[in-house]
Amino acid sequence: MHHRHRHRRAMGAAVAATAALLVAGLSGSASAGTAPADRTPTAAETLRTDAAPPALLKAMQRDLGLDRQQAERRLANEAEAGATAGLLRAALGGDFAGAWVGGAESGTLTVATTDADDVAAIEARGARAEVVRHSLADLDAAKARMDKAAAGLDTADAPVWYVDTRTNTVVVEAIRPAAARSLLAAAGVDRSLARVESRTERPRTFYDLRGGDAYYINNSSRCSIGFPVTKGTQQGFATAGHCGRAGSSTTGSNQVAQGTFQGSVFPGRDMAWVATNSNWTATPYVNGAGGQNVQVTGSTAAAVGASVCRSGSTTGWHCGTITQLNTSVTYQEGTISPVTKTTVCAEPGDSGGSYISGSQAQGVTSGGSGDCRSGGETFFQPVNALLQNYGLTLKTTGGGGDDGGGGEEPGGTWAAGTVYQPGDTVTYGGATYRCLQGHQAHAGWEPPNVPALWQRV
């Protein structure tokens with residue numbers, strides 16, 4: 001391949017630059033406080049895994065079968081794995097075929113590649129290497145063709161499809177196998193690239209017309225607040241699009257007038273935001289068990305296999321794992337894409353509520369199947385896409401979330417409030433940096449301070 005030598009040099013640099021991060025990450029250390037001023041912070045310190053609240057840790061112990069120490073170690077390992085996967089993704093380039101964590105404490109990071117020559121570099125980072133046939137770019141392209149084809153089909157009997165990096169395929173979950181075959185044929189996706197799995201339940205939005213708390217739309221239906229946000233000086237919150245339309249009014253759980261939906265997309269995506277009146281103040285917290293505050297310190301997207309917990313007004317806290325990114329789901333109202341698929345349960349009224357990994361915001365509840373008694377699956381609208389779509393700033397503790405997108409370094413392009421995706425490049429302080437993990441930038445997360453999120457190039 002013509003890029004081979006350049007490719008190897010880049011990988012060598014990535015490995016050398018981050019060996020220290022690896023030692024910190026896979027040693028199983030759960031200490032994730034603030035780093036001393038004389039050294040760069042580990043990924044666990046950057047993502048403040050130590051800020052995970054007791055309510056979240058308790059729910060992880062109950063739902064994932066862990067003890068307290070294992071839950072803390074798992075969050076620290078997941079933070080380090082995300083940083084390592086980001087570096088390897090940048091180094092492998094077009095060979096990269098996905099990454100995921102496994103084990104009770106997420107102690108194993110697997111990175112897939114289409115080139116056997118990459119194995120040594122992956123293993124040098126302490127990760128497990130898997131050589132596969134299709135790159136992530138190829139799988140994503142096949143999924144994009146399926147999304148396009150689905151617009152002209154009835155996908156009610158093939159309601160879920162996604163890129164499954166662990167099996168290196170695109171998967172269609174179908175109630176009728178023929179419906180899956182129709183979708184794949186219409187998209188021109190080769191069967192060697194695809195797998196059909198059977199499912200019995202149709203996903204639905206967790207939407208409700210019963211009384212309860214959280215917030216109410218037009219004094220009738222009930223949903224759950226996702227995450228408090230700001231837009232300049234305006235305060236408000238992010239939630240699910242199917243909860244209300246632009247112009248719909250909201251009242252709080254105390255039935256006090258609260259705000260108005262400013263924007264709402266559903267179907268297609270499942271995102272919305274509500275601007276609140278001056279009686280309501282955006283805080284960097286999610287409601288925890290017993291009304292405790294759960295702090296949000298950022299929005300770094302978690303990896304496949306990572307733990308994730310959801311807070312909702314019907315069922316409270318429940319945890320599970322992220323099973324698939326880049327998922328499409330068909331509800332009665334239409335198809336939503338991309339959403340993240342999880343093993344977390346939810347019930348009516350939980351829609352719009354918060355998904356969080358450690359102290360990092362992940363998304364807002366869209367829908368799913370099953371319930372919290374028999375178990376189920378849920379899909380969330382990723383929060384970074386929602387923030388980016390509406391120009392919102394997530395409210396965070398520790399300096400972030402108070403400006404509406406300023407904070408640019410003189411002479412640099414990095415700016416607080418901007419949502420960055422892996423591979424994006426910025427300048428800061430005269431140097432160029434490449435983004436390793438998707439996140440919204442905030443004060444304190446300037447590129448030189450957070451090697452878990454940015455690599456100097």
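Colleague: Which element supplies the largest share of the lining of the largest pocket?

Modeller: Helix 5 does, with seven residues of that lining, in what is a predicted model where local features need pLDDT of at least 70, side-chain atom pairs count only at pLDDT 80 or more, and totals for chains, interfaces and linings use all residues. Residues are numbered from 1 along each chain as its sequence is written, and side-chain values use heavy atoms, without hydrogens and water. Helix 5 covers residues 68-92, helices being DSSP runs of H or I with at least four residues and strands runs of E with at least two, numbered from the N terminus.

Colleague: What makes a residue part of the lining of a pocket?

Modeller: A lining residue has an atom within 4 Å of a point of the pocket, which is an open set of points on a 1 Å grid over the protein atoms alone where a 1.4 Å probe fits, with protein on both sides within 12 Å along at least five of seven lines. The largest pocket has 48 lining residues, and Arg-89, Ala-301, Ala-302, Leu-325 and Pro-422 lie nearest its centre. Among the elements that each give at least two residues to this lining are helix 5, strand 1 (96-102), helix 7 (136-150) and helix 9 (383-390).

Colleague: Why are the buried residues of helix 9 said to line one face of the helix?

Modeller: The buried residues of helix 9 are Val-383, Asn-384, Leu-386, Leu-387 and Tyr-390, where buried means under 20% relative accessible area, exposed over 50% and partly exposed in between, with a 1.4 Å probe and protein chains only. Looking down the axis of helix 9, these buried residues fall within an arc of 160 degrees, and therefore they line one face; the arc is that of the directions from the helix axis to the C-beta atoms. Just after helix 9 comes Gly-391, which has a positive phi of about 65 degrees.

Colleague: How do you know that Cys-223 and Cys-243 form a disulfide?

Modeller: The sulfur atoms of Cys-223 and Cys-243 are 2.0 Å apart, and a disulfide is a pair of cysteine sulfur atoms within 2.5 Å, so the pair is called a disulfide. By this rule there are three disulfides.

Colleague: Why is the disulfide of Cys-223 and Cys-243 called left-handed?

Modeller: The torsion about the S-S bond of Cys-223 and Cys-243 is about -90 degrees, and so this disulfide is left-handed. Cys-223 lies in strand 9 (residues 221-223) and Cys-243 in the loop between strand 11 (234-239) and strand 12 (249-251), so the pair ties together parts that are 20 residues apart in sequence.

Colleague: What makes the disulfide of Cys-309 and Cys-319 right-handed?

Modeller: For Cys-309 and Cys-319 the torsion about the S-S bond is about 105 degrees, and therefore the disulfide is right-handed. This pair links distant parts of the chain, with Cys-309 in strand 17 (residues 307-312) and Cys-319 in strand 18 (residues 316-331), ten residues apart.

Colleague: Why does Cys-309 count as buried?

Modeller: Cys-309 has a relative accessibility of 2%, so it counts as buried, and Cys-319 is likewise buried, with a relative accessible area of 6%.

Colleague: How do you know that Cys-345 and Cys-372 form a disulfide?

Modeller: Their sulfur atoms are 2.1 Å apart, which is within the limit, so Cys-345 and Cys-372 are a disulfide. Their link is right-handed, with 100 degrees about the S-S bond, and Cys-345 counts as buried at 8% relative accessibility.
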